[in-house]
Amino acid sequence: MAGRILELRVHGVSNTPPGQLLGLRHESGSEAPQPRLVAGDAVTGFYRSPAGRPEDPIVVEAYSWGRLTSGARTARDVERALWTVLLPFTLANVALHARPGIPPEPDTERWASRAGVTAWLIRLFCLSLTGTVVLTFTGIGVDLIGWQCIDDDCLGRIPGPWEFLGHGWWSEGAHSLAVGLLVPLGMLTVLGIVAWRTYQYEAEMPAAPATPAAWREPVPAPADVPFPNGASLAQPVQRPAPTDPPPAPAANPLQDPTFWCGEGQLRRAAVLHLCSGAVAAAGVPLGTVLAMDPPRGARAAVAWPTVAVLAAVVLIAVVALARPWLTRRAGATPLGPWSLTVVLLTGLGLAGTMLVLLLPDGPAGVPLAELRPPSDCRRLPGTPGCLTDRSLPGFDWIIAWLGTGQLLLLVAIGSVARSGRRGLVAPAAATLLLALGTAWTAGWLPADPPGALHTWHLVGPAGALAVTGLLLPRTTPASGGQPLEPHTDLAWGGRGPAVIAGFGWMLAVSYCAGLLYWVTDRLNGGATPSGRSPVMPPVPVMWAGLGFAAALLALAATAALAGFLFVRLRRREHADLAPPGHPLTAHELRRCRDVSTWRALHRLIGEHALRLTGGYAVAGLTLVTLGCVAALSPARPHPAAATGGAAVVKSVADLGDSLLGWLPVLIAGVGLLVYRNEAVRRTAGVVWDVGTFWPRAAHPLAPPSYAERAVPELQTRITGLLALPGNDPRGVDGIILSGHSQGTVICAAVILQLPPRWCGRIWFFSYGCQLTRLYGRVFPGYFGPDRLPVLADSLARSAGTPGWTNFWRGTDPLGWAVGAGERDVSVRDPEALHPSDGEVADPPIRSHSGYPEAPEFHRERSRVAWLLRHEVPAQRRGS
């Protein structure tokens with residue numbers, strides 16, 4: 001249709017219904033008209049008003065993607081809600097995309113570069129995070145059930161026929177450990193099935209439109225036409241079909257055509273994570289048997305080759321995480337010989353581990369039966385060995401050292417991301433000194449250490465040395481695209497990957513400690529595991545409860561500081577709205593208080609939220625460092641029979657452990673409400689949608705990315721409509737791509753994927769936009785000050801100004817000015833402090849919603865529609 005413009009609206013995280021996106025309203029006493037599905041399906045569809053006509057000059061179309069992340073009260077919602085339990089994996093995966101200095105061309109990234117080293121360290125951290133979860137289930141199956149739970153009273157509390165582990169052949173030696181090993185292997189099988197099902201959950205590749213024989217290009221309007229009010233449409237003429245210029249070097253990583261399709265990379269990474277997890281699970285009982293009962297004869301012939309095979313799997317995984325064949329996204333590529341080799345070696349290692357555990361005890365070491373708790377401790381608590389810590393030897397040590405290693409890894413990630421490769425010196429030196437100190441205290445070095453020196457004494461100084469790497473000067477190059485505006489610099493001084501991954505790690509540790517505590521409590525019949533009980537949880541779990549209570553206090557202090565800042569900002573805003581000597585009425589003063597509340601919230605989030613988060617991260621780093629020191633010490637947080645001050649500590653630790661036990665259930669419940677409750681979705685759903693926007697390039701077991709379907713679908717729809725021939729009634733002269741909130745990020749990703757021949761016929765409307773204050777600061781490699789102008793250049797018009805208008809409000813907590821587009825339009829909110837034009841209700845404070853209903857939006861849309869039809873330069877660049 002000649003002269004028709006399509007406004008394609010993309011909603012944000014709140015899953016706005018298509019009818020509301022289109023502005024359909026019901027008359028009094030009747031239902032609202034239902035939008036018409038014109039493309040897509042019920043999950044992701046394109047909708048138009050049923051009253052639309054072919055001759056309408058501007059057609060509004062809504063793209064609804066919200067059911068990818070919010071449900072329709074179906075059984076699938078429960079499945080997706082369980083994905084929220086994988087939030088630690090999601091945050092670890094997001095950390096990869098928060099790196100500064102990501103090269104625009106992925107093939108140019110080298111392992112030795114700053115971005116390459118940071119990516120490798122993050123992928124190693126993600127691998128260790130999988131190991132944390134695996135060790136938790138190994139502790140449940142191997143330690144709590146297979147090793148400590150040996151009588152019928154305890155085994156009877158486990159669902160299923162587990163009583164055979166306490167009798168006969170299965171209770172001898174390490175036989176029960178082989179059965180307990182099935183618990184972590186079963187968990188890995190479930191994770192593998194979930195990951196396999198989500199490979200094709202949403203991902204798809206965009207379809208390229210057929211090139212039309214001729215393309216309609218409007219004749220330029222006369223130069224003396226200033227604005228489109230009442231202007232007639234120019235007659236289209238037939239022009240040759242546009243062709244793309246020679247491809248220029250990419251200037252933004254989002255221009256990579258395979259960015260949203262990395263199925264092959266995902267499969268290969270999943271193989272490494274699952275196989276490495278299986279190795280970690282097998283290594284716990286195998287290491288205990290080898291240390292307590294060194295094998296000889298036939299057992300040695302099986303055990304040592306098994307150790308070599310398991311070590312080879314870990315070595316291949318560590319090296320592969322830095323190799324291009326894994327780190328590059330290249331579509332649906334096959335697994336490759338290395339992946340198949342890892343699977344084969346893992347299978348051999350598991351078979352060898354099972355065989356070693358099932359063979360009889362050897363004559364060399366301490367009989368394993370003497371190390372296990374005696375039976376009937378609940379009936380006869382006075383039996384020697386009862387009510388003492390008889391947990392699996394070495395398991396506490398494994399957990400404590402894994403946590404310490406992850407802490408050093410996080411510090412290294414933050415140091416390298418901030419200061420480049422030189423930032424790796426301090427964490428590497430701390431790791432080396434800690435290793436040498438451990439060997440010294442263990443007596444492996446010639447010189448004898450002082451008698452009072454222990455390994456856990458060295459963790460604090462080593463952590464302090466490593467943290468100095470975080471304090472080095474930042475080496476981020478200055479932006480050459482545009483001057484930095486206030487509150488648009490790098491988040492957390494360039495340490496963003498470490499902060500995000502660190503929060504994921506703290507959440508994973510909380511999950512795992514809570515699960516171990518909960519299972520121990522059930523095996524003891526409800527007895528408090530931190531006191532005297534037959535089944536003992538790992539000592540680090542007891543310290544985790546105390547640390548979690550301290551973390552909650554730090555969170556409360558951070559919330560109190562945020563509240564203080566909010567009150568101060570609200571007072572300032574109210575003073576600006578109602579200065580001394582004002583002539584405002586009492587009603588207008590009340591309205592000013594309401595407006596000042598939203599304006600203060602706008603400033604609090606835009607100016608202070610990241611700083612408050614960074615402050616809490618510092619407190620978390622301190623608590624975690626102290627926790628690693630405590631976990632490596634042989635002491636418990638309190639004696640079993642606590643009195644006085646120790647009783648208070650015990651009560652706090654028990655409360656923290658109990659809260660940790662319910663934390664996964666609480667997170668899953670919030671996740672279910674995110675999918676079903678709009679109020680929860682508008683708050684907690686923001687974090688979820690930001691996390692699941694990015695593809696799984698670091699942790700393959702994270703929840704799938706909804707953008708892997710939304711971006712290609714929008715790309716296919718836009719190019720398909722613009723490529724229609726001139727005589728097709730569905731054809732359009734141009735498209736206004738209109739994104740709200742998270743929809744602006746989706747639209748930006750779509751524009752960067754479009755060929756240049758289509759971008760000249762697109763204008764970008766963004767409102768409620770976080771591309772500068774949030775995405776630009778946390779994800780500088782994609783939306784930073786040197787990368788956001790690439791998006792504007794993609795939309796450059798004939799006059800050189802970008803086809804991008806951003807709308808923002810001073811009352812919108814999540815929408816700010818951008819500065820990189822052609823215009824930043826400030827939308828008045830509310831429109832007045834009192835009713836007008838015969839209305840009786842106060843004009844609403846729309847805050848983050850209702851932008852398309854604003855007069856400023858309609859005026860700008862009319863101007864842009866005229867420009868898209870007539871191809872004349874914009875009037876001027878301004879705000």
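Thr138 counts as buried because its relative accessibility is 1% (buried means under 20% relative accessible area, exposed over 50%, partly exposed in between; 1.4 Å probe, protein chains only). The model is predicted: local features need pLDDT of at least 70, side-chain atom pairs count only at pLDDT 80 or more, and totals for chains, interfaces and linings use all residues. Residues are numbered from 1 along each chain as its sequence is written, and side-chain values use heavy atoms, with hydrogens and water left out.

Thr138 sits in helix H4. Helices here are DSSP runs of H or I with at least four residues, strands are runs of E with at least two, and both are numbered from the N terminus. The Thr138 side chain reaches the backbone oxygen of Val134 at 2.7 Å. Leaving aside residues up to four places away in sequence, Thr138 touches Asp143, Pro184, Ala281 and Val284 (contact means heavy atoms within 4.5 Å).

Now to a partner of H4. Helix H4 spans residues 114-148 and helix H16 residues 496-523; their axes come within 10 Å and cross at roughly 5°. Axes are lines fitted to C-alpha atoms, for helices over the stretch in contact, with angles from 0 to 180 degrees between N-to-C directions. H4 and H16 are therefore roughly parallel to each other (angles under 35 degrees). Among the residues that meet are Phe125 and Phe137 in H4, and Trp505 and Leu516 in H16.

Finally, the whole chain. Its secondary structure comes to 28 helices and 10 strands. Of its 879 residues, 53% count as buried.

Methods. Angles under 35 degrees count as roughly parallel, over 145 as roughly antiparallel, 65 to 115 as roughly perpendicular and the rest as oblique. A polar contact is a pair of N or O atoms within 3.5 Å; within protein, one must be able to donate a hydrogen and the other to accept it, and residues adjacent in sequence count only if both atoms are side-chain atoms.
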